[in-house]
Amino acid sequence: MKKRLYSIFLAVFAGVAAYAVKPRKVQAPTNENMISLTYPGTNVIITPGDLLFTPIGKSESKYAGHVGIVNSRREVIHSIPSGLMKDPISRYFNKFRSITIFSAKEPQSGMKACAYLDYLHTNYPKAAYKVFTPLGYSDHEQYCTKIVWQSYYFGAGINLGRLSEHSLAIHPILLKDKRHLNCVAKNL
């Protein structure tokens with residue numbers, strides 16, 4: 001009888017111990033926690049230095065044209081009246097009703113542009129929003145076209161649109177320079 005009780009006790013103890021030390025299931029990370037490698041709803045790969053052009057915004061902005069640039073962490077940096085904004089790709093896509101994407105023909109040019117973009121965002125996050133400011137000067141005053149132009153001009157040595165450093169109030173469409181950029185997706 002003692003052996004039987006001892007066996008039952010050992011079986012119960014082993015069952016409880018196995019349950020207590022059993023490995024727990026690990027949950028796979030959700031898409032919300034992961035940075036996507038492609039633009040929403042596409043198979044287009046997100047590349048640092050990509051330019052995201054849009055006509056008029058549908059939520060926070062009412063621009064007559066807007067452009068943002070993708071940084072090395074796959075976030076979109078763009079200039080709005082409250083300063084330089086950093087948005088995850090998905091949030092940026094939700095703000096605008098139609099986006100056209102241009103990528104640098106030479107990926108290293110996009111990366112170099114991102115280095116200057118990081119400099120601007122780090123040093124001038126609250127840059128005053130001024131359209132009538134020269135492209136090549138006054139980093140503390142920005143607008144969407146200017147931050148993109150400066151990133152490529154000072155970061156990668158590329159003058160998108162062959163614009164003068166003294167140019168004022170440049171529409172984003174003038175940055176669509178086919179010498180240095182490829183259109184990879186339209187009207188997303």
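Which residue does Asp-118 form a salt bridge with? Keep that in mind while we look at the model. Note that this is a predicted model.

Here is the answer. Asp-118 pairs with Arg-73, and their closest N and O atoms are 3.4 Å apart. Now look at where the two sit. Asp-118 belongs to helix H3, residues 107-123, while Arg-73 is in the loop between strand S2 (66-70) and S3. The pair therefore ties together parts that are 45 residues apart in sequence.

Why can such a pair form? Side chains of opposite charge can pair when their charged atoms come close.

Arg-73 has another partner. It also forms a salt bridge with Glu-75, with the closest N and O atoms 3.5 Å apart. So Arg-73, Glu-75 and Asp-118 are linked in a network of salt bridges.

Are these residues buried or exposed? Arg-73 is partly exposed, at 42% relative accessible area. Asp-118 is partly exposed too, at 22% relative accessibility. Buried would need a value under 20%.

How many salt bridges does the structure hold? The count is 6. Let me show you one more of them. Asp-87 and Lys-95 meet through their side chains, at 2.6 Å from N to O. Both Asp-87 and Lys-95 are buried.

Last stop: Ser-79. Find it in strand S3, residues 75-80. Ser-79 counts as buried because its relative accessibility is 0%. Now jump along the chain to Lys-146. Ser-79 and Lys-146 are 67 residues apart along the chain, yet their C-alpha atoms are separated by 8.6 Å.

Terms used:
Residues are numbered from 1 along each chain as its sequence is written. This is a predicted model: local features need pLDDT of at least 70, side-chain atom pairs count only at pLDDT 80 or more; totals for chains, interfaces and linings use all residues. Side-chain values use heavy atoms; hydrogens and water are left out. Helices (H or I, at least four residues) and strands (E, at least two) are DSSP runs, numbered from the N terminus. Buried means under 20% relative accessible area, exposed over 50%, partly exposed in between (1.4 Å probe, protein chains only). A salt bridge is a side-chain nitrogen of Lys or Arg within 4 Å of a carboxyl oxygen of Asp or Glu.
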